[in-house]
Amino acid sequence: MNFSGTDRKWMKKALSLAEKGRGYVAPNPLVGCVIVSDNGQMIGKGYHERFGQAHAEINALNSVKDKSGLINATVYVTLEPCSHHGKTPPCAEKLANLPVQRVVVAMVDPNPAVNGKGINILKERGKKVDVGLFEEEATRLNEFFVHYNKYHKPFVTLKIAQTLDGYISAPDGDSKWINGEAARVKVHQWRSEYDAVMVGRNTVLLDNPRLTVRHVEGPQPYRIVIDGDYGLARDLNVFSDQYEEKTIIVTYNKEKVNQVADPMLSILQPNYFRGQTILVSKVDGHSDLDQAIKKLAEMSITSVLVEPGSRLASSMIKNRLVDKLHMFISPKLLGGGTRSVLGLGIDRMSEILELRDVSWEQIGDDILMTGYF
């Protein structure tokens, strides 16, 4: 399909609108919509703003002041209009019943409940439908949603901050601060965009992090703590602050979990944990991370940002549980301490893990490398 410069202009606008919903719409996709009259003027725009609220197409239609402008109009939408009744009525039916002439779609919806059905509804009602404009950009925009629907697992991103010589902490365990302030702000932005943040028990013990969004505006993510023994003190920040109920513990210790399962403990014990607990199998002395990822998917968690220590980072990479890597490289040298990644089981260069779609960006004094596994 050959799209015009005008088509590209309006779809870029729709993509920029879709981005505004990041962090607020999961497990739904990010969607933007622009409506252009037959004389080339934008008469409506909208995006999916919050999960459970109106979809992008409806918000765009509601913004149209003169409904006569819809006659022979073109609708640009970043994702195929939905065809099923969910929390809102199907957008494809709504558009099909309007006098719009053409619908330009960036990508087909990978959700099996849609997956071409919305496009077929529009075509059957005589609308001209063109698909594929900025498809790659739209797919990347919704990489969490696409991955979740394709693999039934959350999209997992690993964030590592290391020195130029590959260390994430000094020999005494101190890691504050390897990366600069600008990089830390970036991490808080990511936290606001992912459904959950994951750390290991050692990170909680050593750093007592809050894992909240503070330096930017945005929603607070779930906080996942891998605590196989189920023995971390409940007065630590992630178990005792105002977001305690958004903390999830992953553990294999069923016996300890059962010991504290009595709801009366919430009255008798001031440090009673009010978050959620996921029980998984014990594999080689540790919590089964693959099983944990699958159980998170069952909770409609579509994306996880992992802020690991060396052990958790290495285990997740070794077990092929990481989809994307963000690595901050700071212009600092330690000469000793804890390496960022160790023990991947690679013995020869032919087995090396090579990232794809790699990009480099300067963030303050640090370099951010982003790549996909």
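**Close-up views of a predicted model**

View 1. S169 lies in strand β7, residues 167-169. Helices (H or I, at least four residues) and strands (E, at least two) are DSSP runs, numbered from the N terminus. This is a predicted model: local features need pLDDT of at least 70, side-chain atom pairs count only at pLDDT 80 or more, and totals for chains, interfaces and linings use all residues. Residues are numbered from 1 along each chain as its sequence is written, and side-chain values use heavy atoms, with hydrogens and water left out. Is S169 buried or exposed? S169 counts as buried, at 8% relative accessibility. Buried means under 20% relative accessible area, exposed over 50%, and partly exposed in between (1.4 Å probe, protein chains only). Leaving aside neighbours within four places in sequence, S169 is in contact with D174, S175, I178, L334, G336, G337 and T338. Contact means heavy atoms within 4.5 Å.

**View 2. The whole protein chain, for orientation.** The protein chain holds 13 helices and 18 strands. Its C-alpha trace spans about 70 × 50 × 40 Å along the principal axes. Of the 373 residues in the protein chain, 50% are buried. Take the contacts between residues at least 6 apart in sequence: 74% of them join residues at least 24 apart.

**View 3. The largest nonpolar core.** A nonpolar core is a set of buried Ala, Val, Leu, Ile, Met, Phe, Trp, Tyr and Cys residues joined through side-chain atoms within 4.5 Å. The largest one has 45 residues. Those with the most contacts inside it are M11, C33, V34, I35, L70, V75 and Y76. Helix α1 (residues 5-18) gives the most to this core, with six residues. Which residues does V75 contact, leaving aside its neighbours within four places in sequence? They are C33, V34, I35, L95, V100, R102, V103 and V104. Another core, of 29 residues, lies apart from this one; A292, L321, M327 and I329 are among its members. In soluble globular proteins, nonpolar side chains tend to be buried together.

**View 4. The nine-stranded sheet.** This open sheet has the strand order β11-β10-β9-β8-β14-β6-β15-β18-β17, with mixed pairing. Two strands pair if DSSP finds at least two bridges between them. The edge strands are β11 and β17 (356-363), and each pairs on one side only. Neighbouring strands are turned by 20° against each other on average, direction ignored. Axes are lines fitted to C-alpha atoms, for helices over the stretch in contact; angles run from 0 to 180 degrees between N-to-C directions. Strands β15 (residues 324-330) and β18 (residues 366-372) run antiparallel and are joined by six bridges. M327 stands opposite M369 in β18. Helix α12 (residues 289-298) packs on the sheet. This helix touches β6 (155-163), β8 (196-200), β9 (222-226), β10 (247-251), β11 and β14 (303-306). The direction of α12 makes about 130° with that of β11.

View 5. I278 lies in strand β11, residues 276-279. I278 is buried, with a relative accessible area of 7%. The C-alpha atoms of I278 and V250 are separated by 4.8 Å, although these residues are 28 apart along the chain. Not counting residues up to four places away in sequence, I278 touches I248, I249, V250, T251, K295, L296 and M299.

**View 6. A cluster of aromatic rings.** Ring pairs link F144, F155 and Y194 into a cluster. Rings of Phe, Tyr and Trp (its six-membered ring) pair if their centres lie within 6.5 Å; planes under 30 degrees apart count as stacked, over 60 as edge-to-face and the rest as tilted. The structure holds three aromatic pairs. F144 and F155 form a tilted pair, 5.4 Å centre to centre with 40° between the planes. F144 sits in helix α6 (residues 143-151) and F155 in strand β6, eleven residues apart. Both F144 and F155 are buried. The rings of F144 and Y194 have centres 4.7 Å apart and planes at 50°, so this pair is tilted too. Y194 lies in the loop between α7 (181-193) and β8, so the pair ties together parts that are 50 residues apart in sequence. Relative accessible area is 12% for F144 and 6% for Y194.

**View 7. Lysines over rings.** The charged end of K176 sits over the ring of W177, 5.4 Å from its centre. K246 lies over the face of Y222, at 4.9 Å from the ring centre. A charge sits over a ring if NZ of Lys or CZ of Arg is within 6 Å of the ring centre and within 35 degrees of the ring normal.
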